[in-house]
Structure formats: structure tokens, C-alpha cells
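Hi,

Here is the structure I promised to pass on to you. Have a look at it first, and then read my notes below.

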Amino acid sequence: MDKAILFISGGLEAVPGILLAKKMGLHTVVSDINADAPGFAVADGRIYASTYDSEATVAAASRYHSEVRKLDGVMSVGADVPFTVATVAAVLGLPGIPIESARIASDKLAMKERFQSDGVPIPWFSPVESPQHLKEIILEHGYPMVLKPVDSRGARGVLRLQSGLDLGWAFLHSQANSPTGRVMIERFLSGPQISTESLVVDGRTFTPGFSDRNYEHLERFAPHIIENGGQIPGYLDERSRELIYELLPSTASSLGVRDGVIKGDIVVHEGRPYVIEVAPRLSGGYFCTHEIPLNTGVDLVGNAIRLALGLTVKPEDLLPSQNIPVAQRYWFPDTGRISRIGDHERFLNHPHVHLLEIRKKVGDRISKMDSHPDRAGVVITTGDTLDEAVAFAEHIVASVPIEVDPHS
Ligand SMILES: Nc1ncnc2c1ncn2[C@@H]1O[C@H](COP(=O)(O)OP(=O)(O)OP(=O)(O)O)[C@@H](O)[C@H]1O
Ligand SMILES: [Mg+2]
């Protein structure tokens, strides 16, 4: 295919997407500010600009477009940069979602306000102006709550508020993780958490991605909310599953996404699904590049690339042709300096191991876990049954210890 596509961010999780685009015969360009971004090593062209700086990215992409090679599409894989992607698309006249949709989706408060006015079910929420305001809200509405930065990602600054927590500290911690210093609060809704990933094609929503999220460490890392992977097809009951499929199209139309990706964080509380957030971009954590194709046989990223290029995407290509159990688990070493890492390479060629990445090395410091990018390693397995896939992922994590010296 004689076309060129720009990937905003060349992070590690973007690499499989860039390689897939190359396999499709595309000219690939990566935009990133980090000269060592792994995506640069595999892409055909380079643009240096911060992925969060839409103006700088637009300027550099426009230069590439007019002076080096015409670009036909722009997208991201495993990077939360929909505003930059939408802005580049709008300025260069490429397919993309409206800038306004990306703006709302990049601001958790604006998104909740939009969902509220469109009748999409969400937890109760409010902006929080100060530590004093937070205390007043808790007095009036009680616990449990979630405090979060309006415009951050990777669970940074996301805190579960329960009695006993220092609310002054919580406000300042959450605020420090917001680039604009803005904080909001939501009612914490208990219940199973689900990740979804859909392609919206001409206003129709197809959802090949549907995974349980595993929050077994909620107490261990409290007040931080840290996910330990998940499993597909998951343990959710059929009725709740149907309700989520019914809900997703309304989130896409509320955000104004007629053609694009919709990645959902959903909680099923007392039998009803609520939207925690929806992002108009491909997921991270190898969900879109590994887990969904392994589980369903659907080439989600390939079809997202086609959509980004304005090419036809056939509905039948988005329907699962299989339902292979997939599990994902992470490594969470204790705090301290890493003294030894068990041998993980013996698992690499196992037919049921599809990704195994240890992201730390001996001598690295492990500090208190407070966001997703801190997770020390990840494994993705398949199995003949869901229990088997999960047990194997857990077995591998337990068999490859990351030992620390707590005192150094
Ligand atoms: N109101 C809520 N009720 C229950 N759980 C919540 C709520 N808000 C957030 N969470 C949990 O905390 C996680 C992180 O929150 P949120 O998605 O708002 O932050 P984020 O920085 O975008 O994190 P991530 O990158 O993991 O999506 C959610 O995926 C969910 O598991
Ligand atoms: Mg989120």
C-alpha cells in the first residue's frame, strides 16, 4: 500500500503497531521528543516533538508532509494523546475525530459533564477546588470516593478515599499530578471492572475487546488504585456483558466519534454498568496489539490503521472468529533495590506465552507503587480454559522472582 502513516509516540507499546503498518506496506513515521524512543528504531521517518505538545507536533508534521513525504493518516498506539492526533489530522486534512471530541475526552471533568447531559450512566462527581472543599464534600456525601486529576493518566494521582485518610495530603497529591492543577471527585463504585475496546465505523460500534480488569491489590497499594492485568473472556455474567455492549454506542455518539476507536473503562455496580471513562484511542498494556487478536482473531490495530487512512473497514473483519482464553499479570516487587531477577527466558518460547517483558534490571530502585507505568514486568498467556490461562500467568510471575534489598 503506497501510503504513509504518522504514529504519535514511539513508546515501547507502539512498536508492534508500527511493525504491523510496515507489514501492510506503509511508510511509517514516528513523532516523539525522546530520541531513544523504541519506535524510532523501527520506523521509516522521524519527527521530534513532544507527544503532548500539539502545536509543536503539528508544525513538525506539516514540515514532513510538505517537504519529505505526504502523510495519509495519523494515529497513536499505547499513548494517551488523542488531542495531538486529532489536531494533526484536522490541520493536515487527514481522517480523524473532531478536535472538540478529543478535547472533551482529554479532560475527565468535561467528559463527565458531557455524559451527564447525554444521559450516559456515570458515578456522581464534582470538581474539587481546595482541601477545605474536599472536606466539605466528604461531610456532605460520605465515603467511599475517588479523587483524581482531571487531566492525567496511568492512574497517577488517582486515590480511593476512605475514612482515616489525610484529605489534605490526598488533595495535594492528586493536584500535583494534574498538569493544570485541577482535581475532581467521584463516588467509588464497587463491582467488577471491565476494559472494552471498540472501533466505530460510520457510526456503528464494534467491540472485539472485552476484558476483566484485576484489582486484587486494592488494599495492598491503597489509597492508590493499581491494576494487576486482567483476563479474557473474563468471569462477568452474560446479562451485565449485554448491558455493556448496549451502553458503548451511546458513549461514542456522546463524544461525537463516528469513525474511530473507543476504549472504555466500565464498572458494573449493583448489576448496572457505569462509565468511568472512554478514550478515543487505542489502548496501552498490549491489549490492542496482543490480547484482543489472541482472543478473537480480530486484527484490531490493522483495522484501526485502515480507519486512520480513511480506507474501508469491513464489519465482518471486526467480528470475533474465536474465543481463546487470555490472561495478563504484572510483577510487583517489594520496595528496595533489586538484587536478583529470576530467569524468565526459559518461558519465552513456551507456546502459551505471547509476551514476557521484565522492565527493570538489577540495581534499579523499586519505590512505592503509585501508578501503572511503575509496574516492573508483564506476561500475557493463553490457555485451553480461562482458569488455565490465569493460573499459568500467575505461575510465571511467581516463578520469576524480582528480589530486592529493602535497606539499600
Ligand atoms: N468512580 C470510580 N469507581 C470505581 N473505580 C474507579 C472510579 N474512578 C476510577 N476508578 C478506578 O481507578 C482506575 C483509574 O482511574 P481513571 O481511569 O480515572 O484514571 P487514569 O489515570 O485514566 O488511569 P488508567 O490509565 O488506568 O485508565 C480506573 O480504571 C478504575 O479502575
Ligand atoms: Mg482511565
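How many residues does helix α12 have, and how far does α12 reach from its first C-alpha to its last? Helix α12 (residues 386–399) has 14 residues and reaches 20 Å, close to the 20 Å expected at 1.5 Å a residue; the expected span is 1.5 Å times one less than the number of residues. Helices (H or I, at least four residues) and strands (E, at least two) are DSSP runs, numbered from the N terminus.

A word on the source: this is a predicted model, where local features need pLDDT of at least 70 and side-chain atom pairs count only at pLDDT 80 or more, while totals for chains, interfaces and linings use all residues. Residues are numbered from 1 along each chain as its sequence is written, and chains are lettered from A and ligands numbered from 1 in the order in which they are written.

Back to α12: Ala 389, Val 390, Phe 392, Ala 393, Ile 396 and Val 397 are buried (20 or more other C-beta atoms within 10 Å of the residue's own; exposed means 12 or fewer, partly exposed in between, with C-beta atoms placed from the backbone). Seen down the axis of α12, these buried residues fall within an arc of 160 degrees, so they line one face of the helix; the arc is that of the directions from the helix axis to the C-beta atoms. On the other side, Ala 398 and Ser 399 are exposed.

Helix α11 (residues 300–308) is mostly covered, with eight of its nine residues buried. Among them are Leu 300, Asn 303 and Arg 306. After α11 comes Gly 310, with a positive phi near 80 degrees.

Enjoy exploring!
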